[in-house]
Amino acid sequence: MSKKILVAYFSCSGETAMVAKQLAQAAGADLFAIKPVVPYTEADLNWNDKNSRTSVEMRTLEEPEIAERVENMDSYDTVFVGFPIWWYMAPTIINGFLKSYDFSGKTVVPFATSGSSELGKAEAVLQAKTSRETNWLPGKLISHDMSLDDMKKWLKELKVI
């Protein structure tokens, strides 16, 4: 029996979306965009403005409401969760996404995009949002220019394909 895989991702600039689409192709996975009910504007994303929406969310850990749910989450064995790195962390919408489902018995693999940051403490924070029965595999910072072959190699190393 083959495993069913989902690539769920949050993207504002399109970078994480591009990587997620490549990853879904490499894994033969379904794709789901995590979107807030209220989309982010360019001003919301201004990390230089301490009063911008994203600055406030990351400071207060407020989780924006998610527009849609994965209707058949129970059918997935492995879920890749992708996001850009904001302030060395995953955006708070990812916390809300993880808390919205029961990942018990599933494998979860985080992946991120970033211009300069590493995954940092994002993995540990995200793991705390799911049950102890969730199998977390090490995450990866993925560049948009990672080849399909390299993605497949990583997936094979993880033993998800």
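**View 1. Strand S3 and its two parallel partners.** Strands S1 and S3 run parallel and are joined by five bridges; two strands pair if DSSP finds at least two bridges between them. Helices (H or I, at least four residues) and strands (E, at least two) are DSSP runs, numbered from the N terminus. The model is predicted: local features need pLDDT of at least 70 and side-chain atom pairs count only at pLDDT 80 or more, while totals for chains, interfaces and linings use all residues. Residues are numbered from 1 along each chain as its sequence is written, and side-chain values use heavy atoms, with hydrogens and water left out. In S3, Val-81 stands opposite Ala-8. S3 and S4 also run parallel, with seven bridges between them, and Thr-78 has Thr-107 of S4 opposite.

**View 2. The two sides of S3.** Seven of the seven residues of S3 are buried, where buried means under 20% relative accessible area, exposed over 50% and partly exposed in between (1.4 Å probe, protein chains only). Thr-78, Phe-80, Gly-82 and Pro-84 point one way, whereas Val-79, Val-81 and Phe-83 point the other way.

**View 3. The largest nonpolar core.** This core has 29 residues, and Met-73, Phe-83, Ile-94 and Phe-97 have the most contacts inside it. A nonpolar core is a set of buried Ala, Val, Leu, Ile, Met, Phe, Trp, Tyr and Cys residues joined through side-chain atoms within 4.5 Å. Strands S1 (5-9), S3 and S4 (107-113) and helices H3 and H4 (122-127) each give two or more residues to this core. H3 supplies the largest share, four residues. Apart from this core lies another, of 22 residues, including Leu-23, Phe-111, Leu-158 and Val-160.

**View 4. The stacked pair of Phe-32 and Phe-97.** The whole structure holds nine aromatic pairs. One of them is the stacked pair of Phe-32 and Phe-97, at 6.4 Å centre to centre and 25° between the planes. Rings of Phe, Tyr and Trp (its six-membered ring) pair if their centres lie within 6.5 Å; planes under 30 degrees apart count as stacked, over 60 as edge-to-face and the rest as tilted. Because Phe-32 belongs to strand S2 (residues 30-33) and Phe-97 to helix H3 (residues 92-99), the pair ties together parts 65 residues apart in sequence. Phe-32 is buried at 12% relative accessible area, and Phe-97 is buried at 1%.

**View 5. Charges over rings, and an aromatic cluster.** Phe-10, Tyr-40, Trp-86 and Trp-87 form one aromatic cluster. Over the ring of Tyr-40 sits the charged end of Arg-53, 3.8 Å from the ring centre. Lys-4 lies over the face of Tyr-76, 4.9 Å from the ring centre. A charge sits over a ring if NZ of Lys or CZ of Arg is within 6 Å of the ring centre and within 35 degrees of the ring normal.

View 6. Pro-91 lies in the loop between S3 (78-84) and H3 and is buried, at 0% relative accessibility. Beyond its neighbours within four places in sequence, Pro-91 is in contact (heavy atoms within 4.5 Å) with Phe-10, Met-58, Phe-83, Pro-84 and Trp-86.

**View 7. Thr-16 in helix H1.** Thr-16 lies in H1 (residues 15-27) and is buried, with a relative accessible area of 2%. A polar contact of 2.5 Å joins the side chains of Thr-16 and Thr-113. A polar contact is a pair of N or O atoms within 3.5 Å; within protein, one must be able to donate a hydrogen and the other to accept it, and residues adjacent in sequence count only if both atoms are side-chain atoms.
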